[in-house]
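Q: Could you walk me through how an annotated site is read in a structure?

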Amino acid sequence: MDSHRSQSGACLSLSPPAVLMFLSRKMQVLSGGRALRAAALKKFCQRTSFTTQAGVECIAPLFQTVQETPQPIPTKVTGAIPKWIRGSLLRNGPGRFEFGNDKYNHWFDGMALMHNFKIENGAVTYMSKFLQSDSYTQNKSANRIVASEFGTLAMPDPCKSAFDRFMSKFKIISTDNCSVNYVLYKGDYYVSTETNFMRMVDPETLDTLDKVDWSKFIAVNGATAHPHYDPDGTVYNMGNSYGKEGTRYNIIRVPPQKSNSGDTLEGAQVVCSIEPEEKMKPAYYHSFGMSENYVVFVEQPLRLNILKLLLNRIQGKSFSGIMKWEPDQNTVFHVINKHTGKKHSTTFHAKAFATFHQINAFEDQGCIVLDLCCQDDGGAVELFQLQNLRKSGDDLNEFLAQLAHAYPRRFVLPLGDSVNGDVAAQPLKYSTATAAKKADGKIWCTHENLHDHTLDSCGLEFPQINYAKYNTKKYRYFYGCGFQHLVGNSLLKVDVETKKAKVWKENGYYPSEPIFVPYPNSIEEDDGVILSAVLTPDQNKNIFLLILDAKDFTEIARAEAPVQIPYGFHGIFVPQRS
């Protein structure tokens, strides 16, 4: 469904809707304002059938526009926050879903809203700001959607001539609505999506700074929002390029140091370019794996039809329509030496699966161990239309039944000649993952499940580890969200050796991606805390920052804020500078 807008054709620049400024008032006014807002939303939900009926809870408010909180506000702390935690949990995700009469279609389209939970001396403050992207400011100025997003195509300006409106269909302009994640290059913090644009931001104030274009530095048309970091600060990422010879997947390396204070991506290099299995139908990818010496790119059969992209523009359809899940195709693992750029001579294959987030990768006994969150059906992206996420009652139950869970799985890729013949072998004794060489030289791999029955009904996504000490290394624990709903409704800690999981869950609340923060001078892998922003669709309740002991997964403290936050994507912890 395409964006709806007024058909009057009038060239008016209307001011945006009035916002509630209750967050800057006294606490008693805060409570009253929130009650009024809750009542208004309740009426809206009833009018649009967004009601909670028997069965699964309707969570439509988690996909509604909220107002920013540009000045830090205090929170109510229950429990005792350790004084050694000093820094900010930064979160990113969509926060505005309409301008004027125009409404976005897809969850990924919403305008980026940045959040800062600042922890200092046992107290927490909360603030949020909309990213002042070109997309946001232009939409706001015009009071309509003028910049296309993933699932919403902007309608041509009615003030332009018929010819100009027709020609605008052939212009493909990338968005700088960087709503997915925070990334770090050369000591600077950016928010990122998957286009060629990033926006530098101030992690303390959340102010929007420089707009940086990947294509000005290297020949790529975008980059993922999930780079990997070496201990010295060198950053690796991946991005596509589209040229005369078709599409290429490119591995990117960015040096750790600036040559001068104005540097952004200077010195970035393409380490290796990989040709897709199908030149005009490259795979979509959201992340990739990296071990100490190798990058592992998973080419999944979730395809982007490049020829269809232009056709969709002419037909008034969005970018999301060019994606197609092709389950009859294999998944292919490409292994590249990240130092030399040389691609491994063997390609590794597995049955079709979709993956959005890798957990960890490491080298052991001549093999690469790659742990991923995998789905057996890759059609979920198209299903995340806002009209689906706002369903209730039987409609919601039916929609939930369509969604495939993601499960943590391990693949073992043998780099040497240990796999011979057509008999499946276990390259590593401690893993049941197998590999078998076929007559054409390809190695066919099967996975090991990294979970027990605890995850059967919910799966796991948004995986995190003790990244600073165990990324690219053999590890034991990872953390994530359990999904018994459209979004995460529990937090999980999984032991990859025993496959057992610890669970945190509270009815009516929906935790975000868990971020691991290690204790100072920690020794054991799980010595630290887990931070998660926990949200609720109940407008009469507060959201809160949750702090768990990472070892036993019990609550240490929570910090409640009298605001509402839409469900977002990713975040990081930024330690306070000394």
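**Reading the annotated histidines**

Q: Which residues does H286 touch, not counting residues up to four places away in sequence?

A: Contact means heavy atoms within 4.5 Å, and by that criterion H286 touches V180, E194, T224, H226, F356, H357 and H570. This is a predicted model, in which local features need pLDDT of at least 70 and side-chain atom pairs count only at pLDDT 80 or more, while totals for chains, interfaces and linings use all residues. Residues are numbered from 1 along each chain as its sequence is written, and side-chain values use heavy atoms, with hydrogens and water left out.

Q: Where does UniProt place the feature "binding site"?

A: The unreviewed UniProt entry puts this feature at H226, H286, H357 and H570, in the numbering used here, with feature names shortened and annotations that may be inferred rather than shown by experiment. Although spread over 345 residues of sequence, these positions cluster in space, with a largest C-alpha distance of 12.5 Å.

Q: Is H286 buried or exposed?

A: Buried means under 20% relative accessible area, exposed over 50%, and partly exposed in between (1.4 Å probe, protein chains only). H286 has a relative accessible area of 8% and is therefore buried, and H357, also at 8%, counts as buried.

Q: Which side chain forms a polar contact with that of H286, and which with that of H357?

A: A polar contact is a pair of N or O atoms within 3.5 Å; within protein, one must be able to donate a hydrogen and the other to accept it, and residues adjacent in sequence count only if both atoms are side-chain atoms. The side chain of H286 is joined to that of E194 at 2.6 Å, whereas the side chain of H357 pairs with that of E461 at 2.7 Å.
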